[in-house]
Number of protein chains: 2
Amino acid sequence: MQVTIKDIARAASVSVQTVSNVVNGRPVVREETRARVLAICRELNYTPNAAARSLVTGSRKMIGAVVPHIGNPLYGEVTTFLTRAARELGFSTLVGDTGWETDAEMALLRSLIGQGVDGMMLASTTDDGAGLRMVQDAGIPVVMLFNYPLPCPTDSFRLDNAGAFRIVTRHLIGLGHCRIAFARGLARNVSTAREEGWRSELQRHSLPHGDDLVAVTGIGQEGGYAAGMSLLSRADRPSAIVCSSDIIACGVLDAAEDLGLRVPHDVAVTGCDDMFVAGMRRIRLTTLRYDHRALVRQALDRLMDRIAGKVGEDPITMSTPCDLVIRDSCGMKAGLRATRVATDAPSPRGTTTIGSDTP
Amino acid sequence: MQVTIKDIARAASVSVQTVSNVVNGRPVVREETRARVLAICRELNYTPNAAARSLVTGSRKMIGAVVPHIGNPLYGEVTTFLTRAARELGFSTLVGDTGWETDAEMALLRSLIGQGVDGMMLASTTDDGAGLRMVQDAGIPVVMLFNYPLPCPTDSFRLDNAGAFRIVTRHLIGLGHCRIAFARGLARNVSTAREEGWRSELQRHSLPHGDDLVAVTGIGQEGGYAAGMSLLSRADRPSAIVCSSDIIACGVLDAAEDLGLRVPHDVAVTGCDDMFVAGMRRIRLTTLRYDHRALVRQALDRLMDRIAGKVGEDPITMSTPCDLVIRDSCGMKAGLRATRVATDAPSPRGTTTIGSDTP
DNA sequence: TTGAAAGCGCTAACAG
DNA sequence: CTGTTAGCGCTTTCAA
């Protein structure tokens, strides 16, 4: 049925080893032989059997990628970059999606481990590190992306979560807001760091920062809608809501609209990630921007080094700084130390940024 | 290094065959033996080597999934459903993303074929079927999702593209629009069918339907923006634009805004796919809705049947009907034969649907 | 019910 | 430069 290395060898009147050498580009074959073998491979439409190769080399040239929800444009983009970059390095990617459920994550990881992936990129749903531990116990190199357990026994690539949310909170304080709420996301440790950034800045200015100003959101835009409803339908409603993602912010914007509140006049809203929706003319959401691709790229490079055994055991942590992208969802204020962003295509009108204070 | 079936056999004082029988749940092992073997497997943390198993069974329990752009929320959602559903069936999914580039698609397919996937779900970028042919030549079952070549030598699961765009065009005509443009997407055959639907309905009402009313868009929201700019900055600008996706429509909305045109007063806009952004209070885009999950599910079931050899060679075509979801981007008109949609969470206010005419 | 042997397609190690 | 041999870890076939 399948064309094997033996068929090629027979047809080319050489040994299987020579075919193997040709196929793997090893420079020990006479040019004439190589050409003949290659021609026959093409003719017979030969494809090396990856399973057989894996069995003997011990490497499948595959990595596993686990994200909470691929349908979320942020994780979708991340998956895009990751699969492309990995492919350029000769690795296929087994992708899985947990739906923010711990059980699903464990099952998924078990399956990926069983497939014998060479390494794992883990944008985890769990915070206790159970999944990470299981992968490590299986002897598979792991790199954490975005979320991380505490303490984190492997490399972690993420935002400077606390610094980023200090910046955005400071911005709102500078605009005169006194009651600033925080809409938490689902990734616990990430959210805790962000909440810390939010709270520390409020504390520094002696502004309210109690737990009553924190709302935990559910999944997606609907989760943000519920959080927005809960925060904005109170008597002492906040004048600003800092959201853990643009998607959450979208839900909050809808909640404000349904409650008859104008943004930014009645309530200011900020997001995080600078997805395309944040830049839409009808949304114009002030948000935090960082370089997704660079972060993913660095994480992948590190994972490759680990797979190659090029690095020691010592875990590293990489925190990417964020830029504040000022649009219209908090009110515009002239004279800020702000600059246009050239990359805010197609039309940067009204967009300004302020750099992160934690480079 | 790795724990193998032999280690288990030795530790349990049985043969490798017995271990294999236990691990694969074959009911030929005495209960006592099975329990002992299972205990030792757990103790030694044994994971069967998938490569070795694949080598002998000839199946890797993996499918390949190729989509144009995972970062596009539509394809992101599709990837989510697909990977989950496949996992439930015991299959892992190798995911790849072409960036709408034919060369990238061919390279990706070659790589997936090389990995020995058991089947391929192809939301193709190419229209000439070159990729499809390559996969079939490799003897791998393929099912097409969304896009398809003509003629299509395998199963195809897609929208009733022509019917869907007849409905939305008819709706606009019913609202009194006379100059209705069409913003084409990138998938050629899909777009051609949609254009046919748009055109046939205009023809039926003796309205303009020339190529000057068709704009071909680029990738994503920015592509839609450019198309919108080109259509709306003309002297004889259309009073309505039918867009091939919600993302394109988002770009057109931005273009309208930048040109100082109000929606729907100066120009009506419609989308397709009913993504979350279409339902946002500030967007409220009239669009076409269909059941993504069901479509993916049916396509996957068919692929599984093909993999199992349960179906003959005859390709089938499945065209899912669409519903029109009426929101505010075309102007509302009372008294239509329209009903509320219960599923338009969180708040269905102002949303109505009209069923497809091609069930 | 269990065991022994053969071999899946490939690569690594060594011999020619 | 090329060929031969010996497995990789597992399942399948057949024998006990």
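Modeller: Two copies of a chain are related by a rotation about an axis and a shift along it. The same surface serves both copies, since 100% of the contact residues of chain A recur in chain B; two residues are in contact if their C-beta atoms, placed from the backbone, lie within 7 Å.

Colleague: How many residues does the contact take from chain A and from chain B?

Modeller: The contact takes 51 residues from chain A and 51 residues from chain B. On the side of chain A that touches chain B, α5(A) gives the most, with 8 residues. Helices (H or I, at least four residues) and strands (E, at least two) are DSSP runs, numbered from the N terminus.

Colleague: How is a sheet to be read?

Modeller: Strands of a sheet pair through backbone hydrogen bonds, either parallel or antiparallel. Here an open sheet of 4 strands in chain A has the order β7-β6-β8-β9, with parallel pairing; two strands pair if DSSP finds at least two bridges between them.

Colleague: Which strands stand at the edges?

Modeller: β7 (214-216) and β9 (268-270) of chain A do, each with a single partner strand, so one side of each is left without a neighbour in the sheet. Strands β6 (residues 180-184) and β8 (residues 240-243) of chain A pair over 4 bridges, and A:I180 stands opposite A:A240 in β8(A).

Colleague: Which conventions apply?

Modeller: Residues are numbered from 1 along each chain as its sequence is written, and chains are lettered from A and ligands numbered from 1 in the order in which they are written. As this is a predicted model, local features need pLDDT of at least 70 and side-chain atom pairs count only at pLDDT 80 or more, while totals for chains, interfaces and linings use all residues.
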